Amino acid sequence: MALRTIPRRARRNFAIVALALVFLLSAGSAAAKNGNLQVGTCMSDITPISPGLATAYEAQFGPPAVANHTDPIFLAGFGNDRRATGYNDRLWARAIVLDGRGGRVALVALDLVGYFVNEVEIIRGMLSPDAGIDYLIVHSTHQHEGPDTLGLWGPDELTTGIDYGYLDFVNASVAECVEQAAANLQQARVKFATTDSVGLSLGLDAEDDGFGVADGKVLAGDELLAPATGGRIVDPRLAIMQLTGRGHPFEVLATLVNFGSHPESMGSSNTLVTSDFPHYVRERLEQEYGGMAIWVSGDLGVLQGPLDIDVLDPDTGLPAPRRTFRFAEVHGTQLAERAISAINTKKPGHPAPEISFATESPVVIPLDNPYFRFFIAIGVLNTGRTLFTGGVADPTVGFPFPPPFDVIPQALGEDLHTEVGGLRIGDGSFAIVPGELDPQIGELYRAQMAGAEHTFIVGLGNDEIGYQLPADKWDDSCHTCFPFVLGGVPQLCPVQPIDCNTVFINNIGAEVDPAVSGALMPLLDELH
Amino acid sequence: MRHVWMVACIALSLTAARAPAHVVYGSPTLYQLVVDSDLVVRARILDRATTGGAEEIQNRPLVGAKVLAVYKGSHDSTEIRFAQHGHGVPTYEPGDEALLFLRRIERVRELDQLAVTGETAWVSLQEHDSAYTMTPAAKSTFDAAVRAYVAAAATPEPSARLASIRAVTIAQLRSPEPRLANSALRDLVLMGAALVTADNAPALIEISDDPTLGIGIRLGVLTVLEQLGMVDGPPRWAHLLQNTPAPDRLAVVRAAAAHPSAPVTVELVKLVEGDDAELAAAAAVSLGVPGNEAAIAPLVHAVEHGDDRLQMAAIRGLGRIATKSAQAALEQISQNHPEPAIRRRATGEVARLTKSSP
């Protein structure tokens, strides 16, 4: 893992931002009176069930199926018009509520491709004050085999894939789940472990360096940072947090595992709803410990994923066939075993860790991406994802390009608002980032959290704004050439060559990292 | 003037050096695949193997295939071996017959090591949704479409080339193969100004009005015509909302959200007040256009009298309207509605509008 220097713009902003919008809470209203840690958990089934798949759901899982989605269910994450045909496993909202010295926080992991901040704000507003939640984190694992909750994967590029009724169902499920967890707190301890993924894959593929995750996009200059791997940079850390009962036998309440890799091992041909390899991670952990297991995806940006790795199937002694549930099972089980080995070496955890957190909202990022402006304008992206101009919601749509491109609609608001956060639980520290973070930047965040022994990256935390990569590696060609690319004449763009890799096309723009790091680094500094 | 400019653009593009690799959102169209490939073939998949000839090079899946037809470029063997590269490449099975759009491997930075070793000269960047594995029944249709696009793209004279592309695109909009029709629609949307002329507007209007065609094609063509000012959009959207039968009507309702107008609001309100619960909920969401004050009263009525799904959708619509009146209505609902779940949902929407939650 290689380091990079902190962007100058980010450094310049640190001092300003640190004094501005940081909400560092040290005495939450619902904190445990005696400072002891209390923990509650819950899990809520958020599997999309359409009338057409209700029978399949019942056959697979037993409980009566209540439709929460219309037909068809468009699967998110790869191309358009991929329709669900059945189920492999259920999708979940899994929540932990931690109450202790410093406040009460809730962390919810959704088996979804992403969840926009406007929906998170609805969930927060729906929470009963009786739950006493001081800070709610809603994370998405970014799995690629579930319903479209963002809008990009409908029947075609011009039609949204969102069923808003399903979003209402998820919002209500999460709010109820968190309240349920908050109502069932019990005395607890927390312990942490950190290990790595070295050796979890076979290294047979040109893109597989043996870390159980491959870097699918090498940015300009990465060769200098990681010459041994040809510029491929991954984050091999597996960070684990385990919550147990306070007294002997320290019954496990929850085990959280954090790793930076896209849950997409089934690839784009699969049409069965699944949470992908995290399902098998959780299954193995729950088999080992009981309690509830939670998967939290970390710095998976810039195409960290399992599509180009090979893992050894112990049953056959051969690489598990790629894009199969057997691959997902072997891979997930391996990750779980690595986590188990690490956490089993730890003694019973701390019974009264200090909890502190800090957030900044809104983080204002100029929206440079004309593709996003196009999809907002035509109602493909979640229509609640409002743009802002001068801090005021701005829903205007216009046709700003010169002829002949003046038929392409664009949302005209200047900025996109998101949020960042930091959370400290004793020896564990969490950076909550709103999108798909490049591991190079994740390394900086971990360095900023060095005061904690164990560091976690919560990717897609409270939002999904696309990829975040170092500003000095930003390639603006795809955005600059938007009308030429969209018009089918990229050759005519004055900027050449054009790199419209998904890393650049699904990206707000060059200001993402300066804005997010500029807001987050001071928060992490405050917490350490 | 606009058309002249685009003609000039496309003319230039066809004489320029080969385009660098690029990706547009979602799957590329068939036309884009043809233009962007060095070699286009139809082939029968033989096997999936791995590289392994050189110790320095780690293995990588390669696909072997028997070439059945060459549409573009040249290949002097009956067999071909290519690497797959991408975010989610398709899994071909032996015996599959597929259209392959191949690039020379030197154009793909991540795989240049394979080029050095001579393992293969070709790469397919086709993702799952741009894979064309053909059934015997569809083979002739796809074959004809690819040949038409290749011929159009190869037409020497620029204006004649554009005319050819225009003709192929409009013909493919009526293709019995949905993938070909959808691909043509995307070309029409992306190059609308160049492809739609006064001469062919009537043919496109016919497509938009043709109930035998897929609703997605019809709505897409209508959107292009409306954007180009070639039809009066609002009455056409209102007509579609009134007359499109199920299940296509749901698609019309959802699409109408991006085409707000007074006539559209009137029709959506009728649907909100109608008997079809799914349509009513979708219409309530589509009424949620910023500033659409005319929809507030019907949506409040829906919250008071609708079923659960409609109530939630109406709250979402009110939140999206986002005027002071809409916010006041939501606050009233959050305080006074008899159903706790509805009060709770409205409270969430108010919180989103005011951002006052944890």
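Predicted model: local features only at pLDDT ≥ 70, side-chain atom pairs only at ≥ 80, totals over all residues.
How many helices and strands does the secondary structure of chain B come to? The count is 17 helices and 6 strands.

Of the 358 residues in chain B, 49% are buried. Contacts within the chain between residues at least 6 apart in sequence were also sorted by separation: 62% of them join residues at least 24 apart.

**Two helix pairs**

Two packed helices are described by the angle between their axes and the distance between the axes.

| Helix pair | Axes come within | Crossing angle |
|---|---|---|
| H8(B) and H9(B) | 8 Å | roughly 140° |
| H14(B) and H15(B) | 8 Å | roughly 150° |

Helix H8 of chain B covers residues 201-209 and helix H9 of chain B covers residues 215-227, with axes that cross at roughly 140°. Because of this angle, H8(B) is oblique to H9(B). The crossing of H8(B) past H9(B) is left-handed. On the H8(B) side, the residues that meet H9(B) are Ala201(B), Leu204(B), Ile205(B), Ile207(B) and Ser208(B). Their counterparts in H9(B) are Ile217(B), Arg218(B), Val221(B), Leu222(B) and Leu225(B). By class, the residues of this contact are 8 nonpolar, 1 polar and 1 charged.

For H14(B) and H15(B), the axes cross at roughly 150°. H14(B) is therefore roughly antiparallel to H15(B). H14(B) also passes H15(B) in a left-handed crossing. From H14(B), the contact takes in Ile296(B), Leu299(B), Ala302(B) and Val303(B). From H15(B), it takes in Leu310(B), Gln311(B), Ala314(B), Ile315(B), Gly317(B), Leu318(B) and Ile321(B). The residues of the contact between H14(B) and H15(B) comprise 9 nonpolar and 2 polar, with no charged residues.

**Helix H17 of chain B**

Helix H17 of chain B spans residues 340-354 and has 15 residues. From first C-alpha to last, H17(B) reaches 21 Å, close to the 21 Å expected at 1.5 Å a residue. Its buried residues are Ile342(B), Arg345(B), Ala346(B), Thr347(B), Gly348(B), Glu349(B), Val350(B), Ala351(B), Arg352(B) and Leu353(B).

Which helices do the buried residues of H17(B) pack against? In chain B they pack against helix H14 (296-305), helix H15 (308-321) and helix H16 (324-336). In chain A they pack against helix H3 (117-126) and helix H4 (164-182). After H17(B) comes Lys355(B), with a positive phi near 50°.

How values were computed:
Residues numbered from 1 in each chain as written. Chains lettered and ligands numbered in written order. Axes fitted to C-alpha atoms, helices over the stretch in contact; angles between N-to-C directions. Helix = DSSP H or I, 4+ residues; strand = E, 2+ residues; numbered from the N terminus. Parallel < 35°, antiparallel > 145°, perpendicular 65-115°, else oblique. Left-handed = near helix turned anticlockwise from the far one by under 90°. Contact = placed C-beta atoms within 7 Å. Nonpolar A, V, L, I, M, F, W, Y, C, P; charged D, E, K, R; others polar. Expected span 1.5 Å × (residues − 1). Buried ≥ 20, exposed ≤ 12 C-beta atoms within 10 Å, placed from the backbone.
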